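Please open the structure in your viewer and keep the selection tool at hand. This tour moves from one group of aromatic rings to the next and says what to look for at each stop.

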Amino acid sequence: MNVRESEQLMVDLRSAGHEIVEDEKEADVFILNTCSVREQAEIKAIGKSGFLARRKKHGTNFLLGIVGCMAENLGRELFKLNPKIDFIIGPRRLNELKLVLAQPFVDHVLLLGDGKPEASFLSNHDHSSNSANAGVSIMQGCNMCCSYCIVPKTRGQEIYRPIGDIVSECRSLVDSGIKEIMLLGQIVNNYGVGQFKIVDQKSPFVQLLEQLDRIPGLARIRYMSPHPKGFRMDLIDAHRRLKTLCPSVHLPVQSGSDRILRLMKRPYSRERICSIIKALRDKIPNVAITTDVIVGFPGETEQDFSETVSLFEDIHFNMAYIFKYSPRAGTVSAGMLDDVSAQEKDQRNKILLDIIQRDSLRYNQAMLGSVVEILVEGHAKRGDGRLFGRSANGYKVIFDGTDADIGKFLNIKICDYGITALYGNCV
């Protein structure tokens, strides 16, 4: 989602006559697009802004702005932390960046809150690259109240784009050469709940998926991230029925302990998680399932953690993002005793990492010798000049190719594997 919003900012800046530069020393407008989900992200952003402020003291003239969730979370406090910041814009006011930069004098501009809801949706895309995939925002905000999460504070309550607007944007993207679309929202399967009607026992989100599935030339649809609470059979059945909906689901479970889930205010049980995953695997045999987990949540005992371990052992996720709990000011859990030591959090993190690495290696080893179709996305970051793409179920595949391959579908025979990627050759 932050990548998508950064893209929108680039488009807005270019339309206002600015150019994106590769070397930050050449910039006369510097914008930090920030996240507040984890404490470390805020620490890095504040540190970067301090580094830039020291450059401004030495006579370098540029505007420095902080936008996004940290801007909304800390607000005017950021001016106190760093008086050299020129403007602060929250995530629902990003569309006003051009107006700020058009002012003859920008000094401690603060734009927070909702602004105009209909204007806060991002729909402009950067067509200068030859990328074949794009992110599309279908909603903003979150109506859940997870006790550890800052998102409702920084992004507000849920607002939804009309289905017709989303379909129109996706059609335009396909016409420009996009083959794969990622639907984005804090809880995408909550899309339209309470605002749009359920039709034929299908949620508004499934209705949206069905309309997108009919767009000629659109090959793949993904979405990020759903919530177990609203993950119902209509969505599971959509994975079976819709030809474009990828067999890949990221389902954030957060804990395998029902007691900790209640403390987290996550309104589902371990049994519910397992039933969703069983139904997905029964309906879509090649589905890949990934997850998010927090270790060391306040009050998490050895028994609670062992239940998360056993969930990993039972489910065998394809991949997991494991986070060590850190309190976020303004959340319910910030008032709880953070009673799991840093050392214990590290140890629990390592235990889960060992399990997920073992399972990932097992899944990847099973791919040896097979031929998979991938959509080539670009150059692999650590691929020694090689390219990478992804299979429909999300496997990352690295191979030797040329820039002419980017944006194409290719068949790759898998000849090697690691924990996070497969390696192969074109066939």
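The stops below cover aromatic pairs and then charges over rings.

Bear in mind throughout that this is a predicted model. A search of the whole structure finds eight aromatic pairs, and the tour visits some of them. Begin by selecting Y148 and F297, whose rings form an edge-to-face pair with 6.4 Å from centre to centre and 85° between the planes. This pair links distant parts of the chain, since Y148 lies in the loop between β6 (139-140) and α6 (151-155), while F297 lies in the loop between β11 (288-295) and α12 (302-315), 149 residues apart. Both Y148 and F297 are buried.

Next, select F205 and Y223, where the ring centres are 5.3 Å apart and the planes stand at 85°, so that this pair is edge-to-face. Because F205 belongs to helix α8 (residues 204-213) and Y223 to strand β9 (residues 220-224), the pair ties together parts that are 18 residues apart in sequence.

For the last two stops, turn to charges over rings. Select R362 together with Y363, and you will find the charged end of R362 over the ring of Y363, 4.9 Å from the ring centre. Then select K396 and F388, where the charged end of K396 sits over the ring of F388, 5.1 Å from its centre.

Key:
Residues numbered from 1 in each chain as written. Predicted model: local features only at pLDDT ≥ 70, side-chain atom pairs only at ≥ 80, totals over all residues. Heavy atoms only, no water. Phe/Tyr/Trp six-rings, centres within 6.5 Å; stacked < 30°, edge-to-face > 60°. Helix = DSSP H or I, 4+ residues; strand = E, 2+ residues; numbered from the N terminus. Buried < 20%, exposed > 50% of the residue type's maximum accessible area, 1.4 Å probe, protein only. Lys NZ or Arg CZ within 6 Å of the ring centre and 35° of its normal.
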